[in-house]
Amino acid sequence: MMSSSLVNILITDAPLDITACSQWVMTPESGGIDVFIGTVRNATKGKTVLRLEFEAYQTMAMREMEKIATAAFEQWPLQKILIHHRTGVLQVGEIPVIIAVSAAHRDAAFTACRYIIDTLKQTVPIWKKEFFEDGEVWVAAHP
Amino acid sequence: MTITILAFGVAKDIFNAPSIQLELMNDATVMSLKYTLEQEYPRLKQLSSYLIAVNNEYALPEDYIHQRDEVAIIPPVSGG
């Protein structure tokens, strides 16, 4: 876990806590908090998904998440950023990722939150395996 | 020099191990590493793409690899 007074980054195999995450980013100066909660969906392209497994390259993933937080602070007037990602096996409805951002005004919070989750999906070395009734596949691995 | 390559996701399945040892020339680059890897593990060529990380940073094809570097193969990421 990397936790300064302004940035809180965690990769864990324990369940994520929505309330604790949103509370951590709250400051007296905040006018709004934007929270993105990723959840495990029960289907991919019409095919039933039984569960997911997430694997992280822990040290590099932490660094890439720190870079995303730094870039967000450089682009928008934000107060606090939290990025928590889960690893291991997750069932349908469980939470693989929480992004929480606080800012004085909502525009910055909304925009930064979207930037953080979109960039995380592109650059952070974490991998998702989908388990179906008839097999399993690493997402995006093959064309 | 012998380099340990960490593998994640589908790369771990291709290597059938979380890491492998690879013998490389002393002036090996990321590009030559990928070539050597693909000779030994042709299934890597079937991936949509994959990158190499050196010391926890995405590396460029022309970057050199040194004896004690932490090298990892990064198949397409899919977190979130």
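Where is N56(B) found? To answer this, please select the residue in the viewer, bearing in mind that the model is a predicted one. N56(B) belongs to the loop that runs between strand 3 and strand 4 of chain B.

Keep N56(B) selected and examine its backbone. Its phi is near 70°, a positive value in a residue other than glycine. With a relative accessibility of 10%, N56(B) counts as buried, because the limit for that class is under 20%.

Next, select N55(B), which is placed in the loop between strand 3 and strand 4 (57-58) of chain B. N55(B) is not a glycine either, yet its phi is positive, at about 50°. Is N55(B) buried, exposed or partly exposed? The relative accessible area of N55(B) is 34%, so the residue is partly exposed.

**Second stop: the loop between strand 2 and helix 2 of chain B**

Now move to A28(B), which is located in the loop between strand 2 and helix 2 of chain B. A28(B) is buried, its relative accessible area being 3%. Which residues is A28(B) in contact with, leaving aside its neighbours within four places in sequence? They are M1(B), D63(B), Y64(B) and I65(B).

At 17% relative accessibility, T29(B) counts as buried, because burial requires a value under 20%. With neighbours within four places in sequence set aside, T29(B) is in contact with P61(B), E62(B), D63(B), Y64(B) and I65(B).

Select I5(B), F15(B), L33(B), L37(B), L44(B), I52(B) and I73(B) together. These residues touch the most other members of the largest nonpolar core, which has 35 residues. Which elements give two or more residues to this core? They are strand 1 (2-7), helix 1 (10-15), strand 2 (19-23), helix 2 (30-40), strand 3 (51-54) and strand 5 (71-74) of chain B.

Centre the view on L37(B). Not counting residues up to four places away in sequence, L37(B) touches F15(B), I20(B), L22(B), L44(B), I52(B) and I73(B).

Finally, display both chains. How many residues of chain A are in contact with chain B? There are 29, and they meet 24 residues of chain B. The two chains bury about 2200 Å² between them, of which 53% is on carbon and sulfur atoms. Select Y57(A), M60(A) and W127(A): these residues supply 29% of the area that chain A buries against chain B, more than any other three residues.

Next, select E57(B) and R63(A), whose side chains form a salt bridge with an N to O distance of 2.8 Å. Between chain A and chain B there are three salt bridges, and 18 residue pairs are in polar contact. On the side of chain A that touches chain B, the elements giving two or more residues are strand 6 (51-56), helix 2 (58-75), helix 3 (106-123) and strand 10 (126-132) of chain A. The residues of that side divide into 17 nonpolar, five polar and seven charged.

Technical notes:
Residues are numbered from 1 along each chain as its sequence is written. Chains are lettered from A and ligands numbered from 1 in the order in which they are written. This is a predicted model: local features need pLDDT of at least 70, side-chain atom pairs count only at pLDDT 80 or more; totals for chains, interfaces and linings use all residues. Side-chain values use heavy atoms; hydrogens and water are left out. A nonpolar core is a set of buried Ala, Val, Leu, Ile, Met, Phe, Trp, Tyr and Cys residues joined through side-chain atoms within 4.5 Å. Buried means under 20% relative accessible area, exposed over 50%, partly exposed in between (1.4 Å probe, protein chains only). Helices (H or I, at least four residues) and strands (E, at least two) are DSSP runs, numbered from the N terminus. Contact means heavy atoms within 4.5 Å. Buried area is the accessible area (1.4 Å probe) that two parts lose on being put together, summed over both. A salt bridge is a side-chain nitrogen of Lys or Arg within 4 Å of a carboxyl oxygen of Asp or Glu. A polar contact is a pair of N or O atoms within 3.5 Å; within protein, one must be able to donate a hydrogen and the other to accept it, and residues adjacent in sequence count only if both atoms are side-chain atoms. Ala, Val, Leu, Ile, Met, Phe, Trp, Tyr, Cys and Pro count as nonpolar, Asp, Glu, Lys and Arg as charged, and the others, Gly among them, as polar.
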